[in-house]
Amino acid sequence: MRWIDRWRGRRWSQLAVVNLRILLGFAFLPAGLKKVLGQPFTDPGNSGSFHEFLHAFYATGVFYPFVGAVQLAIAFLLMTQTYATLGAVMALPVITSIAVFCWSTGVVPTAVVVTFMLAGNLVLLLWDADRWIGILRPNRLERTASATLSRPGAPVPSALIDLALWRLCGFAILAFYGLTCLLHGGVYRPRGLDFRSPEFYALPIIALFPVVTLILERRRRKRAAGRPTGSE
């Protein structure tokens with residue numbers, strides 16, 4: 001990302017980013033502090049879906065101050081500048097949830113402000129993209145292991161597991177669960193030991209997917225270990 005490097009090479013852009021971190025971090029302080037201190041976020045007399053959700057949120061007990069502690073931690077990390085990348089990563093799901101909540105409940109002025117906060121958070125993440133973009137790329141060892149297992153005459157790879165095979169397992173579980181929901185006519189949730197219901201057997205079948213994957217992986221590794229290592 002050379003254009004980001006050029007952007008980061010300008011003094012004005014660095015000043016803008018450090019101040020954006022401070023501004024975004026400060027925005028979390030009052031909201032987080034009120035929750036940690038156990039103070040309601042809205043007047044108890046207010047009504048409407050927006051305020052009723054906040055009333056219920058306030059009544060959740062420990063969860064309410066816990067969210068406040070997370071917001072204060074985000075503010076602190078952003079203010080440090082050194083650990084601002086971690087703060088921006090933690091802030092993304094928090095701000096996104098608040099923005100969706102505000103827009104869905106129709107509080108437009110607050111929703112606009114939070115949307116601007118979300119845009120600022122995305123700018124911070126883009127600024128430090130080189131520090132986290134690697135998690136979106138395939139693991140180098142995973143690629144090497146998959147290629148080695150499928151190449152004739154290759155030794156057993158140093159990878160302890162075949163992530164490509166386990167990825168297929170995950171996709172298979174998702175597909176099977178989706179099919180189960182379609183046949184069930186709604187969200188499938190296993191309930192009780194009703195052996196007469198075909199739906200009961202969906203969960204045991206899902207549990208078999210990792211077992212089958214483990215067996216296939218062990219057989220695949222044994223075949224790879226038994227191949228000759230001579231030149232092709």
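Reader: How much space lies in the largest pocket?
Author: This is a predicted model, in which local features need pLDDT of at least 70, side-chain atom pairs count only at pLDDT 80 or more, and totals for chains, interfaces and linings use all residues. Residues are numbered from 1 along each chain as its sequence is written, and side-chain values use heavy atoms, with hydrogens and water left out. A pocket is an open set of points on a 1 Å grid over the protein atoms alone, where a 1.4 Å probe fits, with protein on both sides within 12 Å along at least five of seven lines. Taking volume as the space filled by probe spheres set on the points, joined across faces, edges and corners, the largest pocket comes to about 740 Å³.

Reader: Which residues lie nearest the centre of the largest pocket?
Author: The lining of the largest pocket (residues with an atom within 4 Å of a point) has 26 residues. Those nearest its centre are Lys35, Gln71, Val94, Ile98 and Phe101.

Reader: Which element gives the largest share of that lining?
Author: The elements that put two or more residues into the lining are α2, α3, α4, α5 and α6. Seven residues is the largest share, and it comes from α5.

Reader: How many helices does the protein chain have?
Author: Helices (H or I, at least four residues) and strands (E, at least two) are DSSP runs, numbered from the N terminus. Reading along the sequence, you go α-α-α-α-α-α-α-α-α-α. There are zero strands, and the number of helices is 10.

Reader: What share of the chain's residues is buried?
Author: A residue is buried under 20% relative accessible area, exposed over 50% and partly exposed in between (1.4 Å probe, protein chains only). Of the 232 residues in the protein chain, the buried share is 29%.

Reader: Which side or sides of α3 hold its buried residues?
Author: Helix α3 runs over residues 49-58, and its buried residues are Phe50, His51, Leu54 and Phe57. The arc is taken from the directions from the helix axis to the C-beta atoms. These residues cover only 115° around the axis, so they sit on the same side of α3.

Reader: And which helices do the buried residues of α3 pack against?
Author: Contact means heavy atoms within 4.5 Å. The buried residues of α3 pack against α2 (11-36), α4 (63-80) and α5 (84-104).

Reader: How far apart in sequence are the parts tied together by Arg21 and Asp128?
Author: Side chains of opposite charge can pair when their charged atoms come close. Arg21 and Asp128 meet in a salt bridge, 3.1 Å from N to O (the cut-off is a side-chain nitrogen of Lys or Arg within 4 Å of a carboxyl oxygen of Asp or Glu). Arg21 is buried at 8% relative accessibility, and so is Asp128, at 4%. Since Arg21 is in helix α2 and Asp128 in the loop between α6 (108-127) and α7 (129-132), the parts they tie together are apart by 107 residues.

Reader: How many salt bridges are found in the whole structure?
Author: Asp162 also forms a salt bridge with Arg220, with the closest N and O atoms 2.6 Å apart. That pair links the loop between α8 (140-149) and α9 (163-184) to helix α10 (residues 202-226), 58 residues apart. Asp162 is buried at 1% relative accessibility, while Arg220 is partly exposed at 22%. In the whole structure, the search finds two.

Reader: What is the phi of Gln81?
Author: Gln81 sits in the loop between α4 and α5, and is partly exposed at 22% relative accessibility. Although Gln81 is not a glycine, its phi is positive, at about 65°.
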